[in-house]
Amino acid sequence: QVQLVESGGGLVQAGGSLRLSCAASVRTISGYAMAWFRQAPGKEREFVARITAPARSTYYSDSVKGRFTISTDTTKNTMYLQMSSLKPEDTAVYYCNLGGAGVIAGKYWGQGTQVTVSS
């Protein structure tokens, strides 16, 4: 049973930063593509960022490119999303995802972590 556990969400002022973490209960995340998605109130879940396997190439949605950075630490089996220059429109529940390709999600999801950006 794959489990993904997100942490690091919270309330931050516009222009601030947060780092989200996603701990994965797999033998090693180095063999998996992983991604972050988010869902704002009243909106559909949308792709935010992806890191591929095994090349560890990164891809971002246009709305976060240049502000967010996705990374992994294979020694900790953990994926991160460093978010900077946060805007109120970044307010959403952020979900960790294992597998998938491009903007398409894989089978496994975390429970989500709330990020709220105040203006």
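This is a predicted model: local features need pLDDT of at least 70, side-chain atom pairs count only at pLDDT 80 or more; totals for chains, interfaces and linings use all residues.
Trainee: Start with the open sheet. What is the strand order?
Mentor: The order is β1-β3-β8-β7, with antiparallel pairing. Strands are DSSP runs of E, at least two residues, numbered from the N terminus. Two strands pair if DSSP finds at least two bridges between them.

Trainee: Which strands stand at the edges?
Mentor: β1 (4-7) and β7 do. Each has a single partner strand, so one side of each is left without a neighbour in the sheet.

Trainee: By how much are neighbouring strands turned against each other?
Mentor: By 15° on average, direction ignored. Axes are lines fitted to C-alpha atoms, and angles run from 0 to 180 degrees between N-to-C directions.

Trainee: How many bridges join β1 to β3?
Mentor: Four, and the two strands run antiparallel. Leu4 stands opposite Ala24 in β3. Val5 has Ala23 in β3 as its bridge partner.

Trainee: And how many join β3 to β8?
Mentor: Six, again in an antiparallel run. Ser21 is partnered with Tyr80 in β8.

Trainee: Is β3 largely enclosed or open?
Mentor: Largely enclosed by the rest of the structure, because five of its seven residues are buried. Buried means under 20% relative accessible area, exposed over 50%, partly exposed in between (1.4 Å probe, protein chains only).

Trainee: Now the core. Which residues have the most contacts inside the largest one?
Mentor: Met34, Trp36, Leu81, Met83 and Tyr94, in a nonpolar core of 28 residues. Elements giving two or more residues to this core include β3 (18-24), β4 (34-39), β8 (78-83) and β9 (92-98). Such a core is a set of buried Ala, Val, Leu, Ile, Met, Phe, Trp, Tyr and Cys residues joined through side-chain atoms within 4.5 Å.

Trainee: What does Met83 touch?
Mentor: Not counting residues up to four places away in sequence, Met83 touches Gly16, Ser17, Leu18, Leu20, Arg67, Phe68, Tyr94 and Val115. Contact means heavy atoms within 4.5 Å.

Trainee: Switching to rings. How many aromatic pairs are there?
Mentor: Three. Rings of Phe, Tyr and Trp (its six-membered ring) pair if their centres lie within 6.5 Å; planes under 30 degrees apart count as stacked, over 60 as edge-to-face and the rest as tilted. Phe37 and Phe47 are edge-to-face, at 5.8 Å centre to centre and 75° between the planes. Phe37 is in strand β4 and Phe47 in strand β5, 10 residues apart. Both are buried.

Trainee: Why is the pair of Tyr95 and Trp109 edge-to-face?
Mentor: Because their planes are at 90°, with the ring centres 6.2 Å apart. Tyr95 is in strand β9 and Trp109 in strand β10 (residues 108-109).

Trainee: Are those two buried or partly exposed?
Mentor: Tyr95 counts as buried at 14% relative accessibility. Trp109 is partly exposed, at 32%. Phe37, Phe47, Tyr95 and Trp109 form one aromatic cluster.

Trainee: Where does Arg45 lie?
Mentor: Over the face of Tyr95, at 3.7 Å from the ring centre. Arg45 also lies over the face of Trp109, at 4.4 Å. The rule is NZ of Lys or CZ of Arg within 6 Å of the ring centre and within 35 degrees of the ring normal.

Key
Residues are numbered from 1 along each chain as its sequence is written. Side-chain values use heavy atoms; hydrogens and water are left out.
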